[in-house]
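Welcome, and thanks for taking a look with me. Below are some numbered notes to read alongside the model.

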Amino acid sequence: MAGAAPRLPQTSPPPSPTAPPEPPPPSDMSALGGDRLASPGVQADLQPGAAGPPPVEAYSWLVADLSTGQILAAKNPHWKLAPASTLKMLFADTVLPKLDRNQTHLVTNEELLGMGAGSSAVGIKENFTYRVEDLWNGVFLHSGNDAVRVLCHMNGGIDATVAQMNERAKSLQAHDTHVVSPDGYDAPGQVSSAYDLALFAREGLKNPDFRGYAATKDAKFPGKDGTTFGITNTNTMLGTYPGMIGVKNGYTTNAQNTFVGAATRDGRTLVVSIMHVAGKGKTYEFTKQLLDWGFASANSVKPVGELVGAEGDPTGAPGTASSTGGQKPGQAAAVPGVEKAAGASDDGPAWGLWAGIGIPAVLLVGGVTVFVLRRRGLLTPTVHFEDDILP
């Protein structure tokens, strides 16, 4: 039809010579949010003269307007993939409202048992009392699986929390998601999608506490004997990309690099979710490129789909200024009691001991164990690492 906006070809851009081969997406991807979201490859409806989205070496991604839910462009957004620590967004959305931030908890040794080899950890110690607020800083800033485990025990246990997360995903219509491990650690059958991760971010950012933690760049974490040490958010786009307000990054051996980032510019807030990128630095660069394209092209593209609302909430719109303490749209809520520590290091006493002694030992023992399991065909991933532990 004359004058119709041209569509981008239904195939992905050719990978760079250094990119690993990308397998074809599954043929049965969901059409939730729009029929085009079930089609393989990049989906974008461009007005005449508009530039297409940048070539991104990822299995799956999407760019959406956080307020309207309109998806500006996407690539295989319903591909079910390992989510890594981006799953902590769903954990926080499920558990954060249930615990008072000023509540304190004495950590027992049993609560720290069972973390997988190579787990990211903020450095929590047994027989030490922490505030809930400190634990959430450990989750959001340092992606601490130890903090997740303690909060799970405060929430009735790991199994109960996993069940609640799966119910929460269902209520958000995040039907690509199945939770096995609440911290995002690689587990058989644990999957999510770029679409679902965007739903989790959108829902979580309605909560001013979630929004505040996700936007916190540096904080002090308690050590023993009244000491503290600095922790820095593993989302390195905070403070480096203009308008960045969060939300969560992740890395595991199986998932590779995953990331969900939201930013505000000229009153518009966009969210990018991206999955399975080989190379952490590339993940942030690709996210930056997609955000830049989205802000520049938002008025010259037609949406290819939408982020659905939660059950009983057809709009799914994030909180307005009235629900975030009178903030301007897209402005992160302050987190009371968090000491900002610009330039703080994450090599304080607790984390320094873990990083200097614990990780090599875990890698040696864990690597042998995982190798044996792989030889027996019982485990697909190799040793699992998370977030910014490794370059």
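1. A word on terms before we start: a residue is called buried when its relative accessible area is under 20%. With that cut-off, Asn145, Asp146, Ala147, Val148, Arg149, Val150, Leu151, Cys152 and Met154 in helix α3 are buried. Please keep in mind throughout that this is a predicted model.

2. Let us stay with α3 for a moment. The helix spans residues 145–154, and nine of its ten residues are buried, so α3 is largely enclosed by the rest of the structure. What does the covering of its buried residues include? Among the elements that cover them are the helices α1, α2 and α4, together with β5, which runs over 104–106. Just after α3 comes glycine 156, whose phi is positive at about 105 degrees.

3. Now for the overall picture. The protein has 391 residues, and 55% of them count as buried. Its secondary structure consists of eight helices and 13 strands. Taking the contacts with a separation of 6 or more, 70% are made by residues 24 or more positions apart. The exposed surface comes to about 15900 Å², with carbon and sulfur atoms supplying 56% of it.

4. The axes of α1 (residues 88–95) and α4 (residues 158–171) come within 9 Å and cross at roughly 95 degrees. An angle from 65 to 115 degrees counts as roughly perpendicular, and α1 and α4 are therefore roughly perpendicular to each other. On the α1 side you will find Leu90, Phe91, Asp93, Thr94 and Val95, which meet Thr161, Gln164, Met165, Arg168 and Ala169 of α4. Sorted by class, this contact has five nonpolar, three polar and two charged residues.

5. The aromatic rings deserve a tour of their own. A pair of aromatic rings is described by the distance of the centres and the angle of the planes. Nine aromatic pairs are counted in the protein. In one of them, phenylalanine 140 and tyrosine 213 are stacked, at 5.6 Å centre to centre and with 20 degrees between the planes. This pair links distant parts of the chain: phenylalanine 140 sits in helix α2 (residues 132–140) and tyrosine 213 in helix α6 (residues 208–215), 73 residues apart. Are these two residues buried or exposed? Both phenylalanine 140 and tyrosine 213 are buried.

6. For a contrasting geometry, turn to phenylalanine 259 and tyrosine 284. Their ring centres are 5.2 Å apart and their planes stand at 80 degrees, so the pair is edge-to-face. Phenylalanine 259 belongs to strand β10 (residues 256–265) and tyrosine 284 to helix α7 (residues 280–297), so the pair ties together parts that are 25 residues apart in sequence. Phenylalanine 259 has 0% relative accessibility and counts as buried; tyrosine 284, at 11%, counts as buried too.

7. Ring pairs also build a cluster, made up of Phe91, Trp136, Phe140, Phe210 and Tyr213. You have met Phe91 already, as one of the α1 residues in the contact with α4. Phe140 and Tyr213 are the stacked pair from above.

8. Some backbone details are worth checking on screen. Most residues other than glycine have a negative phi, and most peptide bonds are trans. Where is the peptide bond that is cis, with omega near 15 degrees? The bond runs from glycine 246 to valine 247, and valine 247 lies in strand β9 (residues 244–252).

9. Two residues other than glycine have a positive phi to look at. Asparagine 76 has a phi near 45 degrees and is placed in the loop between β4 (70–75) and α1. With a relative accessible area of 1%, asparagine 76 is buried. Histidine 276, with a positive phi of about 60 degrees, is found in strand β11 (residues 268–277). Its relative accessibility is 17%, and histidine 276 counts as buried.

10. One last stop brings us back to α3. Valine 122 is in the loop between β5 and β6 (129–131), and with a relative accessible area of 0% valine 122 is buried. The C-alpha atoms of valine 122 and asparagine 145 are separated by 7.7 Å, while the two residues are 23 residues apart along the chain. Asparagine 145 is among the buried residues of α3.

Conventions
Residues numbered from 1 in each chain as written. Predicted model: local features only at pLDDT ≥ 70, side-chain atom pairs only at ≥ 80, totals over all residues. Heavy atoms only, no water. Axes fitted to C-alpha atoms, helices over the stretch in contact; angles between N-to-C directions. Helix = DSSP H or I, 4+ residues; strand = E, 2+ residues; numbered from the N terminus. Parallel < 35°, antiparallel > 145°, perpendicular 65-115°, else oblique. Contact = heavy atoms within 4.5 Å. Nonpolar A, V, L, I, M, F, W, Y, C, P; charged D, E, K, R; others polar. Buried < 20%, exposed > 50% of the residue type's maximum accessible area, 1.4 Å probe, protein only. Areas by Shrake-Rupley, 256 points an atom, 1.4 Å probe, with all protein chains shown as cover. Phe/Tyr/Trp six-rings, centres within 6.5 Å; stacked < 30°, edge-to-face > 60°.
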